[in-house]
Amino acid sequence: MSLRFGMLKTLSTPRKSLAALCGPVLALGMWSASPLAHAGNQLPIGDVNAVKASWGIVQIDGWAIDPDTSDSIPVHVYLGGPAGSGELHDLGYANVARPDVAAAYPGYGLGHGTAYNLLSTAQTGKVPYYVYAIDGQDASKHTLIGNGTVNIPMTNKLPVGSFDGAAGGNGMVTVSGWALDPDLRGGAIIPVHVYVGGPYDSGEGHDVGEADASRPDVTAAIPHYDSNHGYNATFLTARRGTVPVYVYAIDFQDAHSHTLLGIHNVTIE
Ligand SMILES: [Ca+2]
Ligand SMILES: [Ca+2]
């Protein structure tokens, strides 16, 4: 059985043009109720608060409000150039709670942040980015709420971690340890695959899920990876006798890459 490597589901790379995403212009009478009465269409406001990048990934945090409505509005990001020439990433609606923005713009509600969406890109090096908030009433109109240059690393960092312990039982194996991808700080978690009786090309494969169990010692020892990165799994096996157990951590960006975290021998009855 081989490792079940596949494309990462959480990454997406929309390629549609800005124009293709623009809907029909709404008539004035269809506008949503406005917190601030105003005669004409007002263009969105917003800001980009932080930009992060690792190999293959850009993350942008910001907010956007259309002054004409308390509804959330879409945000588009272009990498490599402005709208029309760059690589489009549709962040969807900026609807993540941003209490600071809500406090600064009372009457518009809480949900106007973009959070750190994962934008998958093949671009590397110093890459220009442009962030647009799309008007809530006229999708052909937008506001550039931030732009600059993000430095996208040229190389992928492979997972790190540990295979701390293993135990055999009556037709069962238990493994424990921790794993994380150094490219992704914060809450990103990665899968762990275990092979009994040999490495991934000859052993019996088990996908034991993502390393998301509590490991306060790891959290304390490795700053900025402040999430749960432990794994602790017990599973059935057909193998018997004293056999080696291999544990692999699967890379976050590239599911074809992995790190062998360790090998332990167990005895299975
Ligand atoms: Ca508007
Ligand atoms: Ca990585």
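The legends below describe close-up views of a predicted model.

Residues are numbered from 1 along each chain as its sequence is written, and chains are lettered from A and ligands numbered from 1 in the order in which they are written. Because the model is predicted, local features need pLDDT of at least 70 and side-chain atom pairs count only at pLDDT 80 or more, while totals for chains, interfaces and linings use all residues.

**View 1. An open sheet of four strands in the order β4-β3-β8-β9.**
Pairing in this sheet is antiparallel. Strands are DSSP runs (E, at least two residues), numbered from the N terminus, and two of them pair if DSSP finds at least two bridges between them. β4 (87-93) and β9 (142-152) stand at the edges with a single partner strand each, so one side of each has no neighbour in the sheet. On average, neighbouring strands are turned by 20° against each other, direction ignored; the axes are lines fitted to C-alpha atoms, and angles run from 0 to 180 degrees between N-to-C directions. Strand β3 (residues 74-79) pairs with β4 in the antiparallel sense over five bridges. Tyr78 has Leu88 in β4 as its bridge partner.

**View 2. An open sheet of four strands in the order β13-β12-β15-β16.**
This sheet also has antiparallel pairing. Its edge strands, β13 and β16, each pair on one side only. Neighbouring strands are turned by 20° against each other on average, direction ignored. Five bridges join β12 to strand β13 (residues 204-210) in the antiparallel sense. Within this pair, Tyr195 has Gly205 of β13 as its bridge partner, and Pro191 stands opposite Glu210 in β13. β12 pairs with β15 in the antiparallel sense too, over five bridges, and Val194 stands opposite Val247 in β15.

**View 3. The two faces of β12, a mostly covered strand.**
Six of the six residues of β12 are buried, that is, 20 or more other C-beta atoms lie within 10 Å of their own, with C-beta atoms placed from the backbone. In a regular strand the side chains alternate between the two faces of the sheet. Pro191, His193 and Tyr195 point one way from β12, and Val192, Val194 and Val196 point the other way.

**View 4. The largest nonpolar core, with 28 residues.**
A nonpolar core is a set of buried Ala, Val, Leu, Ile, Met, Phe, Trp, Tyr and Cys residues joined through C-beta atoms within 7 Å. The residues with the most contacts inside this core are Ala179, Val245 and Val247. β10 (160-168), β11 (172-180), β12 (191-196), β15 (241-250) and β16 (258-268) each supply at least two of its residues. The largest share, six residues, comes from β15. Leaving out residues up to four places away in sequence, Val245 touches Ala166, Val173, Val175, Val194, Val196, Ile263, His264 and Val266; contact here requires C-beta atoms, placed from the backbone, within 7 Å. A second, separate core of 26 residues includes Ile57, Val101, Leu119 and Ile152.

**View 5. Ser257 in the loop between β15 and β16.**
Ser257 is partly exposed because 16 other C-beta atoms lie within 10 Å, a count between the limits for exposed (12 or fewer) and buried (20 or more). The C-alpha atoms of Ser257 and Lys157 are separated by 9.7 Å, although these residues are 100 residues apart along the chain. Ser257 touches Asn156, Leu158 and Asp251, not counting residues up to four places away in sequence.

How values were computed: Two residues are in contact if their C-beta atoms, placed from the backbone, lie within 7 Å.
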